[in-house]
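Subject: Handover of a structure, with notes

Dear colleague,

Please find below the structure that I am handing over to you.

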Amino acid sequence: MPNAKVLESKKAVVESLTGKMKEATSVVFVDYKGISVAQDTALRKQFHEAGVDYAVVKNTLTRFAAKNNGYDFDELLNGTTAMASTTGDPIAPARIICEFAKKNKNTLTIKGGIVEGSVLTAQQLNGFGELPSKNALVAQVLGTFLAPISSLAFVLDQVRIQKEGGAPAAEAEA
């Protein structure tokens, strides 16, 4: 039987993990077997820059935290496990892991995780890894919205030029 001090520290870890899972927009569990110290340092730097919390976790304590949040990850939580979580861009952890695995000969493997309350498989999360960031997606959508307006402005400028018989507005200013 573990002593009371050890038991209290484990309870604190479970509470911390429970809180992280509850607050996070995305949690990804990773098998990190075979990663070197230099690779791990580079990965942690990428996570830090993206606002993603990354830590090696104990499977048993993480199971308790997952169950506290209503999830069952008994099949996923075995072997070497790290947890990447964020309260920001929900795609960021999966995208960073996928990019890193490609560059470093598949040293990391996604086990599964949670994105905005939904449990996802490794295959689904790997698909997220192919998507651009949330900000890039928003920029693409806005660009799509602006394209017809820009085209209309160009056509109207061309019509004005033909009527006036002058140079385009951009050339006239130059």
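The model is predicted, so local features are reported only at pLDDT of at least 70 and side-chain atom pairs only at pLDDT 80 or more, whereas totals for chains, interfaces and linings use all residues. Residues are numbered from 1 along each chain as its sequence is written, and side-chain values use heavy atoms, with hydrogens and water left out.

Helices α1 and α3

Helix α1 covers residues 4-23, and helix α3 covers residues 59-68. Helices here are DSSP runs of H or I with at least four residues, strands are runs of E with at least two, and both are numbered from the N terminus. The axes of α1 and α3 lie 8 Å apart, at an angle of about 50 degrees. Axes are lines fitted to C-alpha atoms, for helices over the stretch in contact, and the angles run from 0 to 180 degrees between N-to-C directions. The angle makes α1 oblique to α3; angles under 35 degrees count as roughly parallel, over 145 as roughly antiparallel, 65 to 115 as roughly perpendicular, and the rest as oblique. The crossing of the two is right-handed, a term used if the near helix is turned clockwise from the far one by less than a right angle, anticlockwise being left-handed.

On the α1 side, the contact is made by Lys10, Val13, Val14, Leu17, Thr18 and Met21, and on the α3 side by Leu61, Thr62, Phe64, Ala65, Ala66 and Asn68. Contact means heavy atoms within 4.5 Å. By class, these residues are eight nonpolar, three polar and one charged. Ala, Val, Leu, Ile, Met, Phe, Trp, Tyr, Cys and Pro count as nonpolar, Asp, Glu, Lys and Arg as charged, and the others, Gly among them, as polar.

Thr18, in α1, is buried at a relative accessible area of 13%. Buried means under 20% relative accessible area, exposed over 50%, and partly exposed in between, with a 1.4 Å probe and protein chains only. Leaving aside neighbours within four places in sequence, Thr18 is in contact with Ala65, Asn68 and Asn69. A polar atom of the Thr18 side chain also lies 2.7 Å from the backbone oxygen of Val14. This is a polar contact, that is, a pair of N or O atoms within 3.5 Å; within protein, one must be able to donate a hydrogen and the other to accept it, and residues adjacent in sequence count only if both atoms are side-chain atoms.

Ser16 is likewise in helix α1, but is partly exposed at 39% relative accessibility. Its C-alpha atom is 8.3 Å from that of Ala65, a residue 49 places away along the chain.

Asn59 belongs to helix α3 and is buried, with 15% relative accessibility. Beyond four places in sequence, Asn59 is in contact with Leu77, Asn78, Gly79 and Thr81.

Helices α2 and α4

The axes of α2 (residues 37-49) and α4 (residues 92-103) come within 10 Å and cross at roughly 150 degrees. That makes α2 roughly antiparallel to α4, and the crossing is right-handed. The residues in contact are Gln39, Ala42, Leu43, Gln46 and Phe47 of α2, together with Pro93, Ile96, Ile97 and Phe100 of α4. They divide into seven nonpolar, two polar and no charged residues.

Strands and a loop

Thr86 lies in strand β3, residues 82-86, and is buried at 4% relative accessible area. Its side chain reaches the backbone oxygen of Gly51 at 3.2 Å, and a polar atom of that side chain lies 3.0 Å from the backbone nitrogen of Gly88. Residues in contact with Thr86, leaving aside those within four places in sequence, include Ala24, Thr25, Val52 and Pro93.

Thr109 is in strand β4 and is partly exposed at 44%. Beyond four places in sequence, Thr109 touches Phe29, Val30 and Asp31.

Glu116 is found in the loop between β4 (109-115) and β5 (118-121), and is exposed at 57% relative accessibility. Phi of Glu116 is near 50 degrees, a positive value in a residue other than glycine. Most residues other than glycine have a negative phi.

With kind regards
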